[in-house]
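Please read this briefing alongside the sequence and the coordinates.

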Amino acid sequence: MHLTWLRSDLRIDDNTALAAASERGPTLALWLVSPGQWLAHDDAACKVDFWLRSLRDLRQSLERLNIPLLIRKIDTWDQAPQAVLDVCRQHQVQSVHWNEEYGINEQRRDDATRALLEKSSIQAHSHLDQLLFRPGTILTRSGDYFQVFSQFKKSCLEHLHRSLPALARQIKRQAPLHVSSDPIPQHVDGFEKPAQALRDHWPAGEAEAQARLTRFLDETIDDYQQLRDLPAKPGTSQLSAYLAAGVISPRQCLHGALASNRGEFDSGSSGVQTWINELLWREFYKHILTGYPQVSRHRAFRAQTEALPWRDAPADLEAWEQGRTGFPIIDAAMRQLLHTGWMHNRLRMIVAMFLSKNLLIDWRKGERHFMRHLIDGDLAANNGGWQWSASTGTDAVPYFRIFNPVSQSQRFDPQGRFIRHWLPELQGVDEKAIHFPVKSADLFARYSYHSPIVDLDSSRQRALEAFKNLPRRQDQRAAS
């Protein structure tokens, strides 16, 4: 008997560990409920609900293949090795297969599980699955992890030109095992069930993920380069939640994108090239997580930025979290997050820069708020994006890049459609005034909108001074 330990890989197709286990013989699948760990990781209630819904869909697919799905409950990952071993002993399992995850806690969990299994003469096999390249295989000439995305991307594309990562083989139906699947919990204590509207926006399961990919490739990807920055238009793939939970794989996305572009990386559709770029950003941040483990420990990638004089401003932080800063594009974006569990990528950058630069509030507070609400919350991508915006991370552009939320709003939501959708109180404001209604005193009084909580010019100057006064740059390896 062989066991696949499922984690963030909730699918049948192109599942490396599942394919490897089933090739060896009769296979069981296991998933661990670990609410204490999820709370410690700030996992959002809507994300946990999405996992449970995706598991229910996956269980049906596994049952068609006669692969039982076992559910075991633990509190934290410290208990994972024993839980896996207990299942192995109960079902006479010879080998356990899992797909690699990245981060310090994930690595410790897997190392401890491997050690316990091998001590009990059970084989443990980990597989590359949620990335195109295993961390440690894309390195600089001096053998270090890349710190700059453009150089990392160039190296990835050179490898991809030579050979594409293959999809895992299809799983064949096995003979019935006379082991019953366990029921999937409807909810987990500590994580409230999200509103039905949010659940409707994110249907679970592989079929939905594949349908979204097909629709995006057929209808949108050629215009992706232009549409992706416009929050009022459906210009993105809406696949991030499915990628984060492993309901679809990056290999499937890459193969699909290339197939729609006659196999070309650097010619043909500029939209395809831009989207592959985004897949490589996702890859980059997971490699950073492995190569520079301090970012897993809530520490800045650039060690000298730990000395920044962050403000303790709970009222400002709360106004930002609840979408009442007095800057319409910021407030609309934050309300989108609260209601849908998702935020448009351009807006993630704008609101993150506003918090970390204009409000000079520690980026970690924003990172935590995002993780507690995002259905696509992913440590590597979320941390990477926040540190990029706060100029504490891997970024070739210096700290003096500070987005102006008003000009960003004028540029990317010119008619105010996105703003009006999320801020109905500004429904009647014209296109010109909607980006900064306080400028028009009569308008401001008429629409009872919040006063701006900060002056953009003076707060920008404050941020520049804070960065200018930092100690000189240190080597990142010393920081880890």
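**Surface and overall form**

In this predicted model, the chain exposes about 20600 Å², of which carbon and sulfur atoms supply 49%. Its secondary structure comes to 22 helices and five strands, and 58% of its 480 residues count as buried.

Dimensions and contacts
- The C-alpha trace spans about 75 × 50 × 50 Å along the principal axes of the chain.
- The radius of gyration is 23 Å, which agrees with the value near 23 Å that a compact globule of 480 residues would have.
- Among contacts between residues at least 6 apart in sequence, 77% join residues that are at least 24 apart.

Charge
- The chain carries 59 positive and 56 negative side chains, and the centres of these two sets lie 2 Å apart.

- Helix H13 runs over residues 314–322, and its buried residues are Asp316, Leu317, Ala319 and Trp320.
- The packing partners of the buried residues of H13 are helix H14 (328–340), helix H15 (345–358), helix H16 (363–371) and helix H17 (379–390).
- Gly323 follows H13 and has a positive phi, near 75 degrees.

Terms used. Residues numbered from 1 in each chain as written. Predicted model: local features only at pLDDT ≥ 70, side-chain atom pairs only at ≥ 80, totals over all residues. Heavy atoms only, no water. Buried < 20%, exposed > 50% of the residue type's maximum accessible area, 1.4 Å probe, protein only. Helix = DSSP H or I, 4+ residues; strand = E, 2+ residues; numbered from the N terminus. Contact = heavy atoms within 4.5 Å. Rg over C-alpha atoms; globule rule 2.2 N^0.38 Å. Areas by Shrake-Rupley, 256 points an atom, 1.4 Å probe, with all protein chains shown as cover. Lys, Arg positive; Asp, Glu negative; His and termini not counted. Charge placed at Lys NZ, Arg CZ, Asp CG, Glu CD.
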